[in-house]
Amino acid sequence: MPVFHRLVLAAGLAAASLASAPAFAQQKVDFILNWVPGGDHAPYYYAKKMGWYKDAGIDLNLEPGKGSAVAVQKVAAGANPIGLADMPNALTLRGKGADTVGVFNVYANSPQGLYWLKSSGIKSVKDLAGKKIGNPAGDGARTIWPALAKANGMDPNSVTWVNIDANSKLAALKAKSIDATTSFYNIHHIFQRELGDDMGFVAWKDAGLNTYGNTVIVNGDYLKKNKATVAAFVKVTQKAFATCASTPAPCVQALIDANGALQIDNETTNWKLVNVLMRDKHSEGVALGILDDARMAADYEIVKTYIGLDQPFDVKTSYTNEFLDRSIKMPK
């Protein structure tokens, strides 16, 4: 039996045990984030602070992450029943046997960006051939880099990846120990502040690759056995994101209260940029958090064509919109 399946089976047995507990009991949910807490995670902390998850029967534990690829692996293995990861990583790893299902989309636009120093002579994605890109080993950008490279007529292997800590990206770029790095758009303002007029930047969505970004994913076996819990989690989360999009200050404050090292001004700007990433015609016109069938089919083809799938699958098995309230839309 494959490792994924053995671990998922063990997670399923644990979930079955929880399901047999008294109805009044809170169900513990270890939700793994894609990265360390930041402005983009404010709605989860706000809903937890307000007791919304608790009222829905969920004892929520927010666990810092180490990259989307790691989050998908942990959810697929059943170590965490629910997590947050970008969709290309979820699709790629599903093709390797990772049974995860997307249930709520956060980033309707790709949040990925490439940063470099203009003084280095780099002007576009193609100019990165022969260069060093630094980011953490578990960063989701590495998984989907082949798609961006091929979309720009590059050999994906023409760059060298350098392992660096997430907090070392700017220092490494300034020291010129790397030529470029990747980062999510919601901290774009930090790169602007630190690099000034020498900042080179391109958003992946403007360079030929606008896939869905961060999405709440659930272990497939857990979803089958705990549908009511997943439905409650999505309901609260959708409400929280809509509330925070309309009234951000209390949400950012809840994030700060739970993570004292963060600065409110920085995370407020972070959240404003997240709002940009959340907006498209589907989140504004159909439902906040929806995964559009046509876009998901396109994302699947991108992963299949540029990254490759060990085991092709029906993309419609990799997500569901059944738990969304269609009356809740992204505020305009």
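User: Why is H188 called buried?

Analyst: The relative accessibility of H188 is 9%, and buried means under 20%, so H188 counts as buried. Keep in mind that this is a predicted model. H188 sits in helix α8, residues 188–195.

User: What makes the pairing of H188 and Y115 a polar contact?

Analyst: Their side chains make the contact at 2.7 Å, and the cut-off for a pair of N or O atoms is within 3.5 Å. Setting aside neighbours within four places in sequence, H188 is also in contact with M199, F201 and L273.

User: And D139, buried or exposed?

Analyst: Buried: its relative accessible area is 11%, and the limit is under 20%. You'll find D139 in the loop between β6 (132–135) and α6 (140–151). If you skip residues up to four places away in sequence, D139 touches Q112, K169 and T182.

User: How do you know that C244 and C251 form a disulfide?

Analyst: Check the sulfur atoms: S to S is 2.1 Å, and a disulfide needs them within 2.5 Å, so the pair passes the test. By this rule the count comes to one disulfide. Both partners, C244 and C251, are buried.

User: What makes that link of C244 and C251 left-handed?

Analyst: That label goes with the angle about the S-S bond, which is -90 degrees here.

User: Why say helix α2 is mostly covered?

Analyst: Count them up: α2 spans residues 42–49, and six of its eight residues are buried. Those buried ones are A42, P43, Y44, Y45, Y46 and A47. Just after α2 comes G51, with a positive phi of about 80 degrees.

User: Which residues touch the most other members of the largest nonpolar core?

Analyst: F31, Y44 and V216 do, in a core of 51 residues. Helix α10 (residues 227–246) gives this core its largest share, ten residues. There's also a second, separate core of 21 residues, which includes A71, A85, A98 and Y212.

User: What does V216 touch, then?

Analyst: Leaving out residues up to four places away in sequence, V216 touches F31, Y44, I82, G83, L84, V101, G102, V103, F104 and F233. Each of these counts as a contact because heavy atoms come within 4.5 Å.

User: Zooming out, how do you know that the protein chain agrees with a compact globule?

Analyst: With 332 residues, a compact globule would have a radius of gyration near 20 Å; the protein chain has 19 Å, so the two agree. Its C-alpha atoms fill a box of roughly 65 × 45 × 35 Å along the principal axes.

User: How much of the protein chain is buried?

Analyst: Buried residues make up 56% of the 332. As for the surface, the protein chain exposes about 13800 Å², with carbon and sulfur atoms supplying 53% of it.

User: What share of the contacts in the protein chain join residues at least 24 apart in sequence?

Analyst: It's 80%, taken among contacts between residues at least 6 apart. For the secondary structure, the tally is 14 helices and ten strands.

Definitions and conventions
Residues are numbered from 1 along each chain as its sequence is written. This is a predicted model: local features need pLDDT of at least 70, side-chain atom pairs count only at pLDDT 80 or more; totals for chains, interfaces and linings use all residues. Side-chain values use heavy atoms; hydrogens and water are left out. Buried means under 20% relative accessible area, exposed over 50%, partly exposed in between (1.4 Å probe, protein chains only). Helices (H or I, at least four residues) and strands (E, at least two) are DSSP runs, numbered from the N terminus. A nonpolar core is a set of buried Ala, Val, Leu, Ile, Met, Phe, Trp, Tyr and Cys residues joined through side-chain atoms within 4.5 Å. A polar contact is a pair of N or O atoms within 3.5 Å; within protein, one must be able to donate a hydrogen and the other to accept it, and residues adjacent in sequence count only if both atoms are side-chain atoms. The radius of gyration is taken over C-alpha atoms; the globule rule is 2.2 Å times the number of residues to the power 0.38. Accessible areas come from the Shrake-Rupley method with a 1.4 Å probe; for residues, only the protein chains shown count as cover.
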